[in-house]
Amino acid sequence: MAILFAACLSSRKGRLWSDISPYFEVPAKWQDDMGNLRSVLTFDNGEKVQNKSDWSARRDEIKRLWHESMGEWPEIITNQPLQRLDSVMLDDGILRYKVRFKWTPVEYTEGYLLVPPHRRPMPAVITLFYEPETAIGLGSKPNRDFAIQLARRGFVSLSLGTTETTKTQTYAIRYPEKGGESVEPLSMLAYAAANAYEALALEPMVQSDKIGVVGHSYGGKWAMFASCLYEKFACAAWGDAGILFAEDKGGMVNYWEPWYLGSLGTYERMKAAGHNLHELHALMAPRPFLVSGGYSDEPSQWRALNHSVEVNRLLGYENRVAMTNRELHEPNEEANEVIYKFFEYFLK
C-alpha cells in the first residue's frame, strides 16, 4: 500500500510539473537580457559576487539597505495563537473560522481561517487583499477567491485584508501612528504578514515549514514584499503587482503613493540611487516564486526576473522563477489554475 501511495504521489507530481514547467522557461526574446538594472551580484563597493558565501553577504547587504531606507521593523510577534471568534461548516466540509490576532505591536486584525476536512497536518497559504472576504468567496469580483480555492485543494488558508483603511481609501498600516510613521506602510504590511505567518505556524493542522503567500494587485505588492523580506515563507505568487517601479502604468504601479513607499520618501530616494525591486526579488532565492502577470507585468519583465534566475544558478538551483502572462490586469481561471498547481507542486 505504501509503495502504491508513493507511486501515485510521484505520478501526480510529474503531471503537475508538466503543467507548470513551461512558465519557468525564459522566452527566447528575453534570454539573458538583464535590462538596464544594476546587477544584484555586485556589492555596493563594486566587487563581484563569486560564490555562495559571497551571495550570503550580498543578500544581507541588500536586505539591510532596503530596511534602512524603509524603516526597521519592530520585533516579530511570536508565540501568538490565532483567536477563534466563530466557526461555520461549509458544504464541502471545510471549517471556516473568523479569527483575530495582533499583527503589529499596536493593532489587531480579523480574518478567516479555512481548514479542509483532513486528519493530517497540511501545507498552508496566506492570502492578501483589500479585505478578507473576497478571498473566501464572498466578494463581488470574480477569480479573486484564492483562499477557498486553495482550501478545496487541501491547503489550510488564512485570508487577510486591510478592511478599515480600505474603507477610508488610505490602504495602509501607519506605524506607530499616522503622521508619525517610522516604517513605510508597504513594509509594515510585510511585517504584518510575517506576524500572520508566525500565528498560522502554531496551528496544529499546519506544516509550519510549508507556508506560502499569494495576493493580487494591491495584495500582490503586499505578498511580494512579505515573501522577499521574511524568509520563512516557503514560496510565493504575486498577481500582477508591478514587480518593478514603472510610472508609465499609471495607478497600477503606484509605489510613490503614501500608503506604499511614499510616506518616508523611499520610492524617490531608491529610484534616484538606481535601485529597483529586482533587488528584493533576489532575496527569495532559492525559494520559488511565480509572477501571475497581466497589464502591469508583461513578458518584458523577464529582464527583471533574469536577475533572480542568475542568483539561483549561482546557488545551484534551476526552475525557481516563473511567470504567466495575460493581457488584462484582472485574474482569470487559467492564470489562477497555474497558481494553485504551483503551490501544490512546491508545498505538497
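Lys-341 is buried, at a relative accessible area of 19%, where buried means under 20% relative accessible area, exposed over 50% and partly exposed in between, with a 1.4 Å probe and protein chains only. The model is a predicted one, in which local features need pLDDT of at least 70 and side-chain atom pairs count only at pLDDT 80 or more, while totals for chains, interfaces and linings use all residues. Residues are numbered from 1 along each chain as its sequence is written, and side-chain values use heavy atoms, with hydrogens and water left out.

Lys-341 belongs to helix 10, residues 333-347. Helices (H or I, at least four residues) and strands (E, at least two) are DSSP runs numbered from the N terminus. Beyond its neighbours within four places in sequence, Lys-341 is in contact with Leu-16, Asp-19 and Ile-20; contact means heavy atoms within 4.5 Å. With Asp-19, Lys-341 forms a salt bridge whose closest N and O atoms are 2.8 Å apart. A salt bridge is a side-chain nitrogen of Lys or Arg within 4 Å of a carboxyl oxygen of Asp or Glu. Asp-19 lies in helix 1 (residues 2-20) and Lys-341 in helix 10, so this pair ties together parts 322 residues apart in sequence. Asp-19 counts as partly exposed, at 36% relative accessibility.

By the same rule there are 14 salt bridges. One of them joins the side chains of Lys-63 and Glu-231, at 2.8 Å from N to O. Lys-63 is in helix 2 (residues 52-70) and Glu-231 in the loop between helix 6 (218-229) and strand 7, so parts 168 residues apart in sequence are tied together. Lys-63 is buried at 16% relative accessibility, and Glu-231 is partly exposed at 42%. Another salt bridge links Asp-92 with Arg-152, with the closest N and O atoms 3.2 Å apart. Asp-92 sits in the loop between strand 1 and strand 2 and Arg-152 in helix 3 (residues 146-152), so that pair ties together parts 60 residues apart in sequence. Asp-92 is partly exposed, with a relative accessible area of 36%.

Strand 1 pairs with strand 2 in the antiparallel sense over 6 bridges, and Ser-87 has Tyr-97 in strand 2 as its bridge partner. Strand 2 (residues 95-104) and strand 3 (residues 107-115) are antiparallel and joined by 9 bridges, with a hairpin of 2 residues connecting them. Within this pair, Val-99 stands opposite Gly-111 of strand 3. Strand 3 also runs antiparallel to strand 5 (residues 156-161), with 3 bridges between them, and Leu-114 has Ser-157 in strand 5 as its bridge partner.

A nonpolar core is a set of buried Ala, Val, Leu, Ile, Met, Phe, Trp, Tyr and Cys residues joined through side-chain atoms within 4.5 Å. The largest has 85 residues, of which Ile-126, Phe-225, Trp-238 and Tyr-255 touch the most other members. Helix 5 (residues 185-201) gives the most to this core, with 13 residues. Another core, of 19 residues, lies apart from it and includes Phe-155, Ala-237, Val-338 and Ile-339.

Glu-181 is buried, at 16% relative accessible area. Not counting residues up to four places away in sequence, Glu-181 touches Arg-174, Tyr-175, Pro-176, Ser-263 and Leu-264.

Key: Two strands pair if DSSP finds at least two bridges between them.
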